[in-house]
Amino acid sequence: MVIGGSCSGGRPRHPGRRRHPDRLVFQGILFVLHTGIAWEHLPQELGFGSGRTWWPRLAECTEAGVWPRLHEVLLAKLRSANTLDFSRTAVDGSHIRALKGGSKTGLSPVDRGRTGSKHHLITDATGIPLAATLTGDRNDVTQLIPLLQAVPPVRGKRGRPRHRPDVVLGDRGYDHDKYRRLVWDLGVKPLIARRGTEHGFGLGTQRWVVERAFAHLHWFRGLRIRWEIRADIHEAFLTLGCALICWRRLNSRQVLQDGHGLH
């Protein structure tokens, strides 16, 4: 959200109407993301404006690409603070229900054939979300290359931005030689479990960070269930959730550096 200005960068759509402050609208968006409340039920006494106020602003900022830019800025700050680890990444997918249907939905094989979507996530070696995508319940392996390509060029240090990890870790759902070759073509080493290998050994000792990242993402009630018919709006919440996790990591690191919370 562009605090104090329009997401579109142009004139307000209704020049004669006083524009609700961007900061309060952003707080309303965060409230809905945290609680999962329907936008039309946003309590007026909170001062965030009505759903009719902030939902168009959410769509406006989404169309302007605000949320990916916010995520990139926070990733750059984490890299500048030597907190981002590109030595390896981990990928995984997670099913969610889509109660109102919409684009990028399908019948979930793990939820009795109910309509659902799937979150796909790639994290750095410590579990910081680098990128997330939404599909209509596509197989994980089909999203391996799109996830790697979705990682933005991360600045924060001198020289060229970091765009590709050294290694990508995946479970048996990514076991396909065709995709291993495609990963190598991107200059990334694939470490993917083979089908038939036992649980509890090998890559799982390093891949748990992406599972923890999903737990953090789905702590936001607005991401546990998809209520939005428009896929781009749910993707906006998904990217904002990733950005908030980055912000928390950056904030917790600063607290430790300041000497608070150590006892």
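Which residues of H1 are buried? In this predicted model, the buried residues of H1 are Asp 22, Val 25, Phe 26, Gly 28, Ile 29, Leu 30, Val 32 and Leu 33. Buried here denotes a relative accessible area under 20%, exposed one over 50%, and partly exposed a value in between, computed with a 1.4 Å probe on protein chains only. Helices (H or I, at least four residues) and strands (E, at least two) are DSSP runs numbered from the N terminus.

Residues are numbered from 1 along each chain as its sequence is written. Because the model is predicted, local features need pLDDT of at least 70 and side-chain atom pairs count only at pLDDT 80 or more, while totals for chains, interfaces and linings use all residues, and side-chain values use heavy atoms, with hydrogens and water left out.

The length of H1 agrees with expectation: its 14 residues should span 20 Å at 1.5 Å a residue, and its end C-alpha atoms are 20 Å apart. The expected span of a helix is 1.5 Å times one less than its number of residues. After H1 comes Gly 36, with a positive phi near 75 degrees.

Helix H3 was examined in the same terms. For its 15 residues, a span of 21 Å should result at 1.5 Å a residue, and the end C-alpha atoms of H3 are 21 Å apart, which agrees. Buried residues in H3 are Val 66, Trp 67, His 71, Leu 74, Leu 75, Ala 76, Leu 78 and Arg 79. Asn 82 follows H3 and lies in the loop between H3 and strand E1 (89-98). Although Asn 82 is not a glycine, its phi is positive, at about 60 degrees. Asn 82 counts as exposed because its relative accessibility is 57%. Lys 104, also not a glycine, has a positive phi of about 60 degrees. This lysine is found in the loop between E1 and strand E2 (106-107), and its relative accessibility of 37% makes Lys 104 partly exposed.

Nonpolar side chains were then grouped into cores. In soluble globular proteins, nonpolar side chains tend to be buried together. A nonpolar core is a set of buried Ala, Val, Leu, Ile, Met, Phe, Trp, Tyr and Cys residues joined through side-chain atoms within 4.5 Å. The largest such core has 31 residues, and those with the most contacts inside it are Ile 29, Trp 54, Leu 58, Trp 67, Leu 217, Phe 237 and Leu 240. At least two residues of this core come from each of helix H1 (22-35), helix H2 (51-63), helix H3 (66-80), H6 and helix H8 (231-257). H8 gives the most, with eight residues. A second, separate core has 26 residues, including Leu 84, Ile 128, Leu 144 and Tyr 174.

Helix H6 (residues 204-217) contains Glu 211. Glu 211 counts as partly exposed because its relative accessibility is 44%. The C-alpha atoms of Glu 211 and Gly 93 are 9.0 Å apart in space, although these residues are 118 apart in sequence.

Cysteine pairing was also considered. No disulfide, defined as a pair of cysteine sulfur atoms within 2.5 Å, is found in a search of the whole structure. The cysteine sulfur closest to that of Cys 242 is in Cys 246, at 7.0 Å, which is too far for a bond. Cys 242 is buried, with a relative accessible area of 1%, and Cys 246 is buried, with a value of 0%.

Helix H5 (residues 177-185) has two sides. Tyr 179, Arg 180 and Val 183 are buried. These residues cover an arc of only 110 degrees around the axis, so they lie on the same side of H5; the arc is that of the directions from the helix axis to the C-beta atoms. An α-helix has 3.6 residues a turn, so residues three or four places apart point the same way. On the other side of H5, Arg 181, Trp 184 and Asp 185 are exposed. The buried residues of H5 are covered by elements including helix H4 (144-150), strand E5 (167-170) and strand E6 (189-192), where contact means heavy atoms within 4.5 Å. Just after H5, Gly 187 has a positive phi of about 85 degrees.

Strands E5 and E6 run parallel and are joined by four bridges; two strands pair if DSSP finds at least two bridges between them. Gly 170 stands opposite Ile 192 in E6. The covered face of E6 holds Pro 190 and Ile 192, and the uncovered one holds Lys 189 and Leu 191.
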